[in-house]
Amino acid sequence: MRTPESRRMITLEVRGTTKPTPAFSVITLGGPELEHLKPMGFDQTVRLFFPREGQEGLRMPRLSSEAWMAELLLLPKSRRPWVRNFTIRRARPELGEVDIEFALHGDTPAATWARRARPGDPAGIFDMGLTYLPPAHAEWQLLAGDESAVPAILAILEHAPASLVAEVFLEVPGADDIRTDITAPDGVRVRWLARDGADTLPGSLALDAIKESALRPGRFYTWVAGEAALATGVRRHLVRDRGVPKPDIAFFGYWRHGRSSPG
């Protein structure tokens, strides 16, 4: 992951919330400290800090290095905030605002906080940089993800050069979650896959669709993220069945079905 040379903890507050589709919520965060964030576009990842239910206010780490993890672990859970990774969906530096888009997975801490977030609620971020780093030799790109990676992929497409050629596979919980207003270069083909209540592992529709697809010729760069089985499954298929060089594949298991990340 490429990170900025200078990073710091940034304390913000909720300015508003919107729901683009039933399974997603966008939280707008703002505050004067955003002047310390350098927007890079694409899949710019941040650590998002938000209070646990019942906490009064938000206790942010004082340290702006990876030592902040140890600092938080020394706190009792009653004072420790939740910390999760998210992509900046959009940044508006002129307004001192960023949007963070949430896939509302069940009753996870992040989804629960996103559902109840109201203007004035505290939150904080710590910039983690980019993972989307296409090499110059790539003739085209394969981008794939389940709902947890939809915000990152849509942000990538919005910041992509007009010359981008890409095949995109996006899996979402239901047909009502398919976006019809996305921004992407003309050479990008987006395929939406909706589970619609089907008893299938999240990510399996996207994985099967990629396996069955007649991909474009030429050397390509892959960025895939989401449920762990999707990320590893795509990589395994491309390497074993299609002979894709491992360095041309960036894969990230954002979550694992049936498990919640520790707090």
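Arginine 219 is partly exposed, with a relative accessible area of 39%. On the terms: buried means under 20% relative accessible area, exposed means over 50%, and partly exposed is in between, with a 1.4 Å probe and protein chains only. This is a predicted model, so local features need pLDDT of at least 70 and side-chain atom pairs count only at pLDDT 80 or more, while totals for chains, interfaces and linings use all residues. Residues are numbered from 1 along each chain as its sequence is written, and side-chain values use heavy atoms, with hydrogens and water left out.

What does arginine 219 meet in a salt bridge? Its partner is the side chain of aspartate 248, at 2.6 Å, N to O. A salt bridge here is a side-chain nitrogen of Lys or Arg within 4 Å of a carboxyl oxygen of Asp or Glu. The two residues come from distant parts of the chain, 29 residues apart: arginine 219 is in the loop between α4 (204–212) and β10 (220–227), and aspartate 248 in the loop between α5 and β11 (249–255). Helices (H or I, at least four residues) and strands (E, at least two) are DSSP runs, numbered from the N terminus. Aspartate 248 is buried, at 2% relative accessible area.

How many salt bridges does the structure hold? The count is 14. One of them joins the side chains of glutamate 101 and arginine 89, at 3.1 Å, N to O. That pair also links distant parts of the chain, with glutamate 101 in strand β5 (residues 97–103) and arginine 89 in strand β4 (residues 82–92), twelve residues apart. Buried or exposed? Glutamate 101 is buried, at 3%, and arginine 89 also counts as buried, at 5% relative accessibility.

Another salt bridge is between the side chains of arginine 191 and glutamate 167, at 2.5 Å, N to O. Arginine 191 lies in strand β9 (residues 188–194) and glutamate 167 in strand β8 (residues 166–172), so this pair ties together parts that are 24 residues apart in sequence. Glutamate 167 is buried at 2% relative accessibility, whereas arginine 191 is partly exposed at 24%.

Now the strands. Two strands pair if DSSP finds at least two bridges between them. Strand β1 (residues 10–21) runs antiparallel to strand β6 (residues 122–129), and four bridges join them. Within that pairing, threonine 11 stands opposite glycine 124, and leucine 12 stands opposite alanine 123. Six bridges join β1 to strand β2 (residues 24–30), again antiparallel. These two strands, β1 and β2, form a hairpin with two residues between them. Threonine 18 has valine 26 in β2 as its bridge partner.

Back to β6. Strand β3 (residues 45–50) pairs with β6 in the antiparallel sense over five bridges, and there arginine 47 stands opposite phenylalanine 126. Seven of the eight residues of β6 are buried, so the strand is largely enclosed by the rest of the structure.

Helix α3 (residues 150–159) is mostly covered too, with eight of its ten residues buried. Among them are Val150, Ile153, Leu154 and Leu157.

On the surface, Lys211, Arg236, Arg240 and Lys246 gather in a patch of positive charge. Patches are made of residues with over 30% relative accessible area and no salt bridge, with like charges joined within 9 Å and nonpolar side chains (Val, Leu, Ile, Met, Phe, Trp, Tyr) within 5 Å.

Last, the backbone. Most residues other than glycine have a negative phi. Which residues have a positive phi without being a glycine? Phenylalanine 42 is one, with a phi of about 55°, and it is found in the loop between β2 and β3. Phenylalanine 42 counts as partly exposed, at 22% relative accessibility. Aspartate 196 is another, with a phi of about 50°. Aspartate 196 is in the loop between β9 and α4 and counts as exposed, at 53%.

How values were computed
Accessible areas come from the Shrake-Rupley method with a 1.4 Å probe; for residues, only the protein chains shown count as cover. Lys and Arg count as positive and Asp and Glu as negative; His and the chain ends are not counted. The place of a charge is taken as NZ of Lys, CZ of Arg, CG of Asp or CD of Glu.
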